[in-house]
Amino acid sequence: MCLDEPKNILVKSDVLALTSDSEAFGMVLAEAMSVGTQVVSTDVFSGPKEVLGNGRYGFLATKGDVTSIVNALRQACTNPKDIKLLTE
């Protein structure tokens with residue numbers, strides 16, 4: 001698989017974790033959700049919270065808090081969001 005085919009990677013992934021310190025929009029979050037991949041993102045100033053509907057479509061973690069990120073990843077694996085909801 002070529003690295004220039006990110007959709008193929010996302011389709012085969014269980015979870016996408018975006019642990020940025022800042023984001024403008026977080027297009028990769030929307031791309032992951034469009035193929036039904038669970039999403040975890042740090043809750044930074046703008047972007048992820050809006051894309052994830054304040055946690056409705058994915059899991060938000062506290063920026064810089066490793067425990068919060070780990071807990072969000074666990075949630076994504078044990079209590080995933082409805083794939084139909086994500087792909088809409």
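**Close-up views of a predicted model**

**View 1. Packing of helix α2.** The buried residues of α2 pack against α1 (6-12), β1 (15-18), β2 (38-43), α3 (48-51) and α5 (83-87); contact means heavy atoms within 4.5 Å, and buried means under 20% relative accessible area with a 1.4 Å probe, protein chains only. Helices (H or I, at least four residues) and strands (E, at least two) are DSSP runs, numbered from the N terminus. The model is predicted: local features need pLDDT of at least 70, side-chain atom pairs count only at pLDDT 80 or more, and totals for chains, interfaces and linings use all residues. Residues are numbered from 1 along each chain as its sequence is written, and side-chain values use heavy atoms, with hydrogens and water left out.

**View 2. The buried face of α2.** Within α2 (residues 27-34), the buried residues are Leu-29, Ala-32 and Met-33. They fall within an arc of 95° seen down the helix axis, so they line one face of α2; the arc is that of the directions from the axis to the C-beta atoms. Just after α2, Gly-36 adopts a positive phi of about 85°.

**View 3. The largest nonpolar core.** Ten residues form this core, among them Leu-10, Val-39, Val-51 and Leu-86; such a core is a set of buried Ala, Val, Leu, Ile, Met, Phe, Trp, Tyr and Cys residues joined through side-chain atoms within 4.5 Å. Helix α2 supplies the largest share, three residues.

**View 4. Lys-81 and Phe-59.** Lys-81 lies over the face of Phe-59, at 4.7 Å from the ring centre; the criterion is NZ of Lys or CZ of Arg within 6 Å of the ring centre and within 35 degrees of the ring normal.

Technical notes. Buried means under 20% relative accessible area, exposed over 50%, partly exposed in between (1.4 Å probe, protein chains only).
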